[in-house]
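Thanks for coming. I have one structure to go through today, so please look at the sequence and the model while I talk.

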Amino acid sequence: MIAAEILVPCFSTAADCRFDWVAIAAMGGWAAAAATFFAVLLPFRQYRKALKDRQESDYVDGQIAGRGTVFALINIHAGIDAISANLASAQGIGDFTDSLRFVRDCIVPHPLPPQPREKALGALRVEMASLEGVLFKLAAYVKTHEMGFFDADSAKTYVVTIDFARLYINNVIKELEAAVPGSGIKALLPLFEVD
């Protein structure tokens, strides 16, 4: 028996033709349920597609930003390396203040670019924040020297700050290599030996 025979037992307008209103109402209920299901399913599928597209776009943005970070890290690494070499042979306060030119020339003009809020870059962003804090402190030593307040105590904390800079740039290099495979950062920038 087909649905039409159940709902409409006759196809003519004869006097004995009566509609089964309960069956018609039941079919209307099923149709309303199906319409509701598809009304919910369609936006959910659109949301999932938009989420997937956004995640793919965020991933690409993260890879681009990570590769752009390499160039800033090259300059910062060179500055920290030069400062470390200078401090290894420092004899007096003048040698410490001479090394501040590397901070001024290599570190201050090359800030780390911001990274997108992409899940795979979370650990990298944390390590970059640590490195940025140390670089900000190094830039403050330049200002301290320019104002004439760089003394022996400043030199002691300056050495400790450089040690932290070496540690944090190592951590950034490791996290960047993990988050942006193929960036070649470890080949370009060898890790510092941190005491």
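Left-handed here means that the near helix is turned anticlockwise from the far one by less than a right angle, with clockwise being right-handed. The helices themselves are DSSP runs of H or I with at least four residues, strands are runs of E with at least two, and both are numbered from the N terminus.

Before going on, a word on where this comes from. This is a predicted model, so local features need pLDDT of at least 70 and side-chain atom pairs count only at pLDDT 80 or more, while totals for chains, interfaces and linings use all residues. Residues are numbered from 1 along each chain as its sequence is written, and side-chain values use heavy atoms, with hydrogens and water left out.

Back to the pair. Two packed helices are described by the angle between their axes and the distance between the axes. Helix α3 covers residues 93-107 and helix α5 covers residues 152-179; their axes come within 10 Å and cross at roughly 50°. That makes α3 oblique to α5. The axes are lines fitted to C-alpha atoms, for helices over the stretch in contact, and the angles run from 0 to 180 degrees between N-to-C directions. Under 35 degrees counts as roughly parallel, over 145 as roughly antiparallel, 65 to 115 as roughly perpendicular, and the rest as oblique.

How many helices and strands does the protein have? There are six helices and zero strands, and from the N terminus on the order is α-α-α-α-α-α.

Next, α4. The axes of α3 and α4 come within 9 Å and cross at roughly 125°. That makes α3 oblique to α4, and this crossing is left-handed. With α5, helix α4 packs at an angle of about 155°, the axes being 9 Å apart. That makes α4 roughly antiparallel to α5. The crossing of α4 and α5 is left-handed.

Now some residues. Of the 195 residues of the protein, 31% count as buried. Buried means under 20% relative accessible area, exposed means over 50%, and partly exposed is in between, with a 1.4 Å probe and protein chains only.

Is V103 buried or exposed? V103 lies in helix α3, and it is buried because its relative accessible area is 0%. The C-alpha atoms of V103 and I76 are 27 residues apart along the chain and separated by 8.5 Å.

E146, in helix α4, has 56% relative accessibility and so counts as exposed. Its C-alpha atom is separated by 9.8 Å from that of T97, 49 residues apart along the chain.

A120 sits in the loop between α3 and α4, the latter being residues 122-146. At 42% relative accessibility, A120 counts as partly exposed. A120 and A179 are 59 residues apart in sequence, and 6.0 Å apart in space, C-alpha to C-alpha.

On to charges. Side chains of opposite charge can pair when their charged atoms come close. The rule for a salt bridge is a side-chain nitrogen of Lys or Arg within 4 Å of a carboxyl oxygen of Asp or Glu. By this rule the count comes to one salt bridge. Which residue does D105 pair with? It is R104, with the closest N and O atoms 3.5 Å apart. D105 is partly exposed at 44% relative accessible area, and R104 is partly exposed at 42%.

Last, the surface. Y59, V60 and I64 form a nonpolar patch with about 300 Å² of accessible area together. Patch residues have over 30% relative accessible area and no salt bridge; like charges are joined within 9 Å, and nonpolar side chains (Val, Leu, Ile, Met, Phe, Trp, Tyr) within 5 Å. The areas come from the Shrake-Rupley method with a 1.4 Å probe, and for residues only the protein chains shown count as cover. Y59 is in helix α2, residues 21-88, and counts as partly exposed at 41% relative accessibility.
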